[in-house]
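Welcome! Please keep the sequence and the 3D view at hand as you go.

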Amino acid sequence: MILVLLGPPGAGKGTQAARLAAAFGMRHLSSGDLLRSERKKGTELGGRVGGYMDAGHLVPDNIIVEVILAELQSAKREAGVILDGFPRTVSQAGSLDEALSRIAQKVDLVISLQVPDREIVARITGRRICSTCGGVYHVVKHPPAQPGRCDRDQTPLIHRPDDTEDVVQQRLAAYHAQTEPLEAYFRRKGILVEVDGTPDADSVFAELQRMVKQRLGEAVS
Ligand code: AP5
Ligand code: MG
């Protein structure tokens with residue numbers, strides 16, 4: 001199964017993708033986490049994308065398409081893949097569809113998490129992440145057990161450099177201009193569902209789990 005999670009910055013894509021991956025044995029493929037890991041390792045790719053990310057702009061389509069399609073190849077043997085943060089433009093979606101059709105696959109379900117801009121800023125500025133395992137926290141809504149440390153591996157939590165109020169406004173602008181048109185693209189294919197992302201994370205997860213189970217049930221019947 002190939003599931004795409006769509007939604008603005010801070011909608012909860014990473015939070016929910018990690019939980020769904022654990023529940024269904026699927027691979028969580030986050031384009032943002034991949035790029036951050038390249039930057040952390042100091043690779044040539046990391047150097048090329050850093051400026052775009054810190055300014056809240058999308059990285060060029062050709063760069064991200066190459067990275068994600070290579071990762072998808074290596075995920076072939078898993079129960080399925082959850083794409084978090086990719087595709088993010090209509091051109092990326094076209095490249096994904098084309099690559100999947102070459103291996104007789106397709107995107108099965110696209111879930112668009114709906115969260116209004118006014119709530120995004122509070123989520124983003126309060127977010128802290130673990131640079132080792134990618135764990136996501138919020139200083140108020142989802143604090144770690146020990147302040148400033150990841151529950152899983154005790155790594156000190158960090159504040160993403162693009163999680164400032166100014167940069168989040170740019171990320172929201174990029175989302176509305178370049179990513180939101182994807183909703184219409186996937187709606188035309190009949191695979192888009194919209195989910196309210198504003199309830200607490202457990203309630204959103206219950207709804208997403210229900211949808212994935214339903215889709216898996218349809219696939220086997
Ligand atoms: P990326 O890392 O993908 O960032 P994003 O899309 O802006 O999404 P976020 O990771 O900020 O939010 P999220 O939806 O994962 O929310 P989360 O679960 O963490 O991309 C970063 C950059 O990389 C881009 O700007 C771009 O430069 C580049 N890039 C990546 N992919 C690209 C692509 N395909 N093309 C081009 N460029 C690309 O939750 C947020 C916070 O809210 C957390 O603190 C969490 O605890 C809290 N929270 C979660 N759910 C709830 C809830 N239900 N209620 C209350 N709080 C909640
Ligand atoms: Mg994320």
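**Exercise 1. Find what Glu 183 is in contact with, leaving aside its neighbours within four places in sequence.**

Step 1: Leaving those neighbours aside, look for residues in contact with Glu 183, where contact means heavy atoms within 4.5 Å.

Step 2: Glu 183 sits in helix H8; helices (H or I, at least four residues) and strands (E, at least two) are DSSP runs, numbered from the N terminus.

Step 3: Check its accessibility. Glu 183 has a relative accessibility of 11% and counts as buried (buried is under 20% relative accessible area, exposed over 50%, partly exposed in between, with a 1.4 Å probe and protein chains only).

Step 4: Look at the side chain. A polar contact of 2.7 Å joins the side chains of Glu 183 and Ser 112. Such a contact is a pair of N or O atoms within 3.5 Å; within protein, one must be able to donate a hydrogen and the other to accept it, and residues adjacent in sequence count only if both atoms are side-chain atoms.

A note before going on: this is a predicted model, in which local features need pLDDT of at least 70 and side-chain atom pairs count only at pLDDT 80 or more, while totals for chains, interfaces and linings use all residues. Residues are numbered from 1 along each chain as its sequence is written, chains are lettered from A and ligands numbered from 1 in the order in which they are written, and side-chain values use heavy atoms, with hydrogens and water left out.

**Exercise 2. Work out which residues of H7 are buried, and what covers them.**

Step 1: Trace the helix. H7 runs over residues 165-179 and spans 20 Å from its first C-alpha to its last, close to the expected 21 Å (1.5 Å times one less than its number of residues).

Step 2: Pick out the buried residues of H7: Val 167, Val 168, Arg 171, Leu 172, Ala 174, Tyr 175 and Thr 179. They lie on the same side of H7 because they cover an arc of only 160 degrees around the axis, taken from the directions from the helix axis to the C-beta atoms.

Step 3: Turn to the other face. Asp 166 and Ala 177 are exposed on the face of H7 turned away from its buried side.

Step 4: Find the cover. It includes strand S1 (2-6), helix H3 (44-55) and helix H8 (181-188).

**Exercise 3. Locate Asp 163 and decide: buried or exposed?**

Step 1: Asp 163 is in the loop between S6 and H7.

Step 2: Its relative accessible area is 0%, so Asp 163 is buried.

Step 3: Beyond its neighbours within four places in sequence, Asp 163 is in contact with Ile 124, Thr 125, Arg 127 and Arg 171.
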